[in-house]
Amino acid sequence: MSAQVLKPDVLILGSGFGGSLLALILVRAGRSVVLLDRQKHPRFAIGESSTPLADRTLATVARRWNIPELLPLTHWGTWKKSYPELLCGRKRGFTYLDQTDLSDVGSSTFDGRRLLVSASVDNDHSDTHWLRSDVDQFLFQLAQRSGAVTFEECRYELDHSPGQWSARGVGAGQEFHIQSPFAVDATGSGGGLLKYLGIPDQTSSLRTNSRSVFAHFQDTKTCEQLLVESGINVSRFPFACDDAAVHQVLPDGWMWQLRYDDNSLSAGFMIDQRPEVARQDLPVFASASDEWAWRVERSGFLKRQFSGAYINRPASGLASTSRIQRLTTQAAGTDWAALTNTAGFIDPLHSTGIAHTLFSVARLAEILTDGRATSKNERLQSYSARLIEEIRCVDELVEGCYAGIPDFRLWCLWGMLYFAAATSMEQSGDDAF
């Protein structure tokens with residue numbers, strides 16, 4: 001079988017929501033794109049919680065590049081009406097619950113153990129939790145239908161000379177040879193281009209040091225149900241506390257809880273590993289399941305919440321990571337660029353990931369759809385420097401929250417710094433990215 005030879009304007013490696021969205025924008029703007037992925041859709045992924053800033057940026061992208069199919073995804077109400085087949089969850093804001101002493105909640109002390117931050121005026125205009133397997137596949141297929149050439153389950157080798165990228169391989173039984181003047185790394189932690197180019201890593205300079213154990217669960221009790229059972233009046237809350245990115249603040253980290261409309265729950269422990277606070281008395285866990293069970297059982301609230309729960313995603317069961325932080329020293333060159341999640345990542349705390357990926361997609365799309373070749377290199381350098389600086393800023397804010405534990409009030413004060421920054425961005429103009 002002879003190889004299919006393609007010469008697109010842009011080669012994109014990785015077809016998560018960032019890579020697929022960038023491909024969609026470029027083909028709608030008249031550029032030719034080839035999108036390669038070593039895996040196949042649909043596939044499990046985390047990084048699921050949108051924010052007002054993420055939704056506003058997605059709406060700006062939809063209008064800027066005439067992609068009306070994206071607009072319903074910017075609010076829960078329009079999403080449910082337009083794409084009921086794509087699973088999402090309602091997110092009215094952020095809920096923080098103090099579990100640092102591991103005792104169960106009680107009505108006499110609860111007011112000092114919670115913080116609810118409202119982010120929308122009603123359910124219809126609320127943000128969303130994305131079931132990434134659904135959303136990533138939706139954007140991938142939309143890019144495909146719009147004209148992007150796609151190869152899934154690929155095996156390929158890269159080659160590079162200044163101004164020319166080459167990828168030779170096979171996908172779905174089809175051999176291909178791709179030549180392109182520009183390549184984008186959207187592979188996330190895989191870092192395909194970064195590794196090929198030998199770009200130095202600077203993860204060791206980051207302050208945050210955390211790892212995770214996570215999955216999606218069915219038959220978990222809601223936080224609100226447990227609070228009511230404990231005699232707590234929830235009628236004063238600005239929103240149902242489970243319609244949020246729920247953060248259970250624990251003595252050695254925190255737990256995220258994101259509830260979907262099918263009542264499944266994305267949940268994961270984030271464990272602080274900074275050397276100055278690393279606990280020496282932790283058991284030795286034989287498996288991720290053993291660690292999960294220990295962390296749930298030690299908390300009165302979580303023990304009640306997960307009693308009878310079972311994993312429904314992914315099929316492989318609980319996932320466990322080593323340190324999740326990473327940061328490159330360079331996020332773009334004269335003929336390449338990396339999206340946010342490839343350039344670096346800090347922590348899911350405060351749901352910064354989707355918005356930041358959308359920012360990098362929008363910025364890069366502006367550069368790649370602009371015909372001014374004379375300023376392209378300068379703009380790519382600026383893109384790289386700005387992206388790395390922003391990741392460092394997120395690192396400082398996140399590490400401050402971890403450093404506040406076990407003082408829940410101090411944790412919340414650090415969180416307010418993030419919300420002040422996010423609100424400032426939300427109130428700026430549409431060109432903020």
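Predicted model: local features only at pLDDT ≥ 70, side-chain atom pairs only at ≥ 80, totals over all residues.

Colleague: Why is Arg295 called buried?

Modeller: Buried means under 20% relative accessible area. Arg295 has a relative accessibility of 1%, so Arg295 counts as buried. Arg295 belongs to helix α7, residues 288-297. Leaving aside neighbours within four places in sequence, its contacts are Arg211, Asp252, Phe269, Ile271, Leu282 and Leu302.

Colleague: What makes the pair Arg295 and Asp252 a polar contact?

Modeller: The cut-off for N or O atoms is 3.5 Å. The two side chains meet at 3.0 Å, and the pair is therefore a polar contact.

Colleague: Which residues of α7 are buried, and how do you know on which side of α7 they lie?

Modeller: The buried residues are Ala288, Glu291, Trp292, Arg295 and Val296. They span an arc of only 130° around the axis, so they lie on the same side of α7. They pack against β13, β15, β16, α8 and β18.

Colleague: Why are β8 and β20 described as standing at the edges?

Modeller: The open sheet has six strands in the order β8-β3-β2-β12-β21-β20, with mixed pairing. β8 (149-151) and β20 (332-333) each have a single partner strand, so one side of each lacks a neighbour in the sheet.

Colleague: What makes β12 and β21 a pair?

Modeller: Pairing requires at least two bridges. β12 (residues 183-185) and β21 (residues 336-338) have three bridges, in the parallel sense, and therefore pair. Asp185 has Ala338 in β21 as its bridge partner. Helix α1 packs on this sheet, touching β2, β3 and β12.

Notes: Residues numbered from 1 in each chain as written. Heavy atoms only, no water. Helix = DSSP H or I, 4+ residues; strand = E, 2+ residues; numbered from the N terminus. Buried < 20%, exposed > 50% of the residue type's maximum accessible area, 1.4 Å probe, protein only. Polar contact = N/O pair within 3.5 Å; in protein donor to acceptor, adjacent residues only side chain to side chain. Contact = heavy atoms within 4.5 Å. Arc of directions from axis to C-beta. Axes fitted to C-alpha atoms, helices over the stretch in contact; angles between N-to-C directions.
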